[in-house]
Amino acid sequence: MKRVCISGSGLFTPAESISNDELVAAFNAYVENHNAENATAIAAGAVEPLQPSSSEFIVKASGIKARYTVNKAGVLDPKVMRPLIRNRGDDEPSLLAEMAVAAAQQALQNAGREAKDVDMVLVACSNLQRPYPAIAVEVQHYLGIQGYGYDMNVACASAAFGVQAAVDAVAGGSARAVLVISPEICTGHLNFRNRDCHFIFGDAATALLVEPLDTAVSKDRFEVLGTRLQTQFSNNIRNNFGFLNASEQPPRPWNDVLFHQEGRKVFKEVVPMVAELLNSHLGDLGIVPSTVRRFWLHQANLGMNQLIAKRVLGHEPGTDDAPVILDEYANTSSAGSVIAFHKYHQDLKAGDVGVLCAFGAGYSAGSVVLRRL
Ligand SMILES: CC(C)(COP(=O)(O)OP(=O)(O)OC[C@H]1O[C@@H](n2cnc3c(N)ncnc32)[C@H](O)[C@@H]1OP(=O)(O)O)[C@@H](O)C(=O)NCCC(=O)NCCS
């Protein structure tokens, strides 16, 4: 089996950002309108009044301060509260593919590679714009890559699952190089009318190039020492959107086909699952967890990441141990841990070990242990 590395990463960030204050102002305008329109029913006790949101709560509960989005105006319009995107023709690149291509081009450039060097394209993400043709095949087309591509969805853990598939393909010789791309338009599946979660998600796309270590030309390489994946069924993060929605009788309520979660339960159940995964994976690779130089963790909740890192490192983590990008990006699902890697890997020295770790709905979790060359 060949030794394998990640030889380049790429990031696409949408141009528009929404601060907590802007988001809360839009949400609270919606709440005021709703409560005014239903004043009589509320006074009669027939309808519960909606409660306002607050920026203080959002920062305290999650660490999120802002999020990027593909469309700010739609999200902030209290009568719309979703991103509005142009309906493109079949002969134009889909928005998701366009974001993926931008991130992939940067990853190729950083790896010193071109389209002709790549055999396989994985689009690994939570929110695919359509069932088929696969977004990965469209991305492959626009990048000019021969070979093949396919989509995979393992929710927020998708990038780690994609990396394992890529590593296996490269190590086994079925692909010379693989692009693992995680484009996410999470604002499209977010219920901006739900106070419990309206602040959670943002949009971005990431890409990683995976290829044999010995022939990589990049000076910025990380050997993949090992990957480990785990899933365990849970309904605590769920989205019932699907192709049978129009057939289901009675029809589902509109908010059932958007993201919803039991955030507190997720926090409590996923922290030990991920800490155990990381400790056992590192232990089996003969690496003392406290010696890990950096954790590039999934970016859903700051407190969650601090607890996970503490359980692995054995001390309170600083941002140097586990960098934070969710303050600026919010939760970008599968892209989050890769954004952290992309922005915060340059300072590692040869021999330093880092762990990219993604987790989310399913539950699903993945650990990718890397060593700087
Ligand atoms: C979602 C999350 C930030 C919520 O934080 P939390 O501390 O659990 O907050 P809760 O939902 O328990 O709400 C606490 C209180 O704040 C209130 N509240 C909820 N949203 C609010 C908002 N936007 N503004 C003000 N108050 C709010 C709640 O109604 C509740 O009030 P109560 O105590 O009077 O009942 C947190 O649970 C989380 O991030 N969990 C992990 C989720 C995760 O990783 N998911 C993966 C997604 S891919």
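This is a predicted model: local features need pLDDT of at least 70, side-chain atom pairs count only at pLDDT 80 or more; totals for chains, interfaces and linings use all residues.
View 1. A disulfide would need the two sulfur atoms within 2.5 Å. C357 is in no disulfide either, as its nearest cysteine sulfur, again that of C156, is 12 Å away. The count for the whole structure is 0 disulfides. Both side chains in this view are worth checking for cover: C186 counts as buried because its relative accessibility is 0%, and C357 is buried with a relative accessible area of 0%.

**View 2. Strand β6, covered on both faces.** Here you can follow β6 along residues 178-185, where 8 of the 8 residues are buried, so the strand is largely enclosed by the rest of the structure. In a regular strand the side chains alternate between the two faces of the sheet. On one side of β6 sit V178, V180, S182 and E184, and on the other L179, I181, P183 and I185, all of them buried.

**View 3. The partners of β6 in the sheet.** Strand β4 (residues 120-124) runs parallel to β6, and 4 bridges join the two. To find your place, look for M120, which stands opposite V178 in β6. Strand β7 (residues 203-212) is antiparallel to β6 and is joined to it by 8 bridges. A handy landmark for this pairing is S182, which stands opposite T206 in β7.

**View 4. The shell around the ligand.**

View 5. Zooming in on individual atoms, an oxygen of the ligand lies 2.7 Å from an N or O atom in the side chain of R264. For N301, an N or O atom of the side chain is 2.8 Å from a ligand oxygen. The backbone takes part too, with a polar backbone atom of G263 at 3.0 Å from a nitrogen atom of the ligand. Taken alone, the ligand exposes 970 Å², and the protein buries 72% of that.

How values were computed:
Residues are numbered from 1 along each chain as its sequence is written. Side-chain values use heavy atoms; hydrogens and water are left out. A polar contact is a pair of N or O atoms within 3.5 Å; within protein, one must be able to donate a hydrogen and the other to accept it, and residues adjacent in sequence count only if both atoms are side-chain atoms. Accessible areas come from the Shrake-Rupley method with a 1.4 Å probe; for residues, only the protein chains shown count as cover. Buried means under 20% relative accessible area, exposed over 50%, partly exposed in between (1.4 Å probe, protein chains only). Two strands pair if DSSP finds at least two bridges between them.
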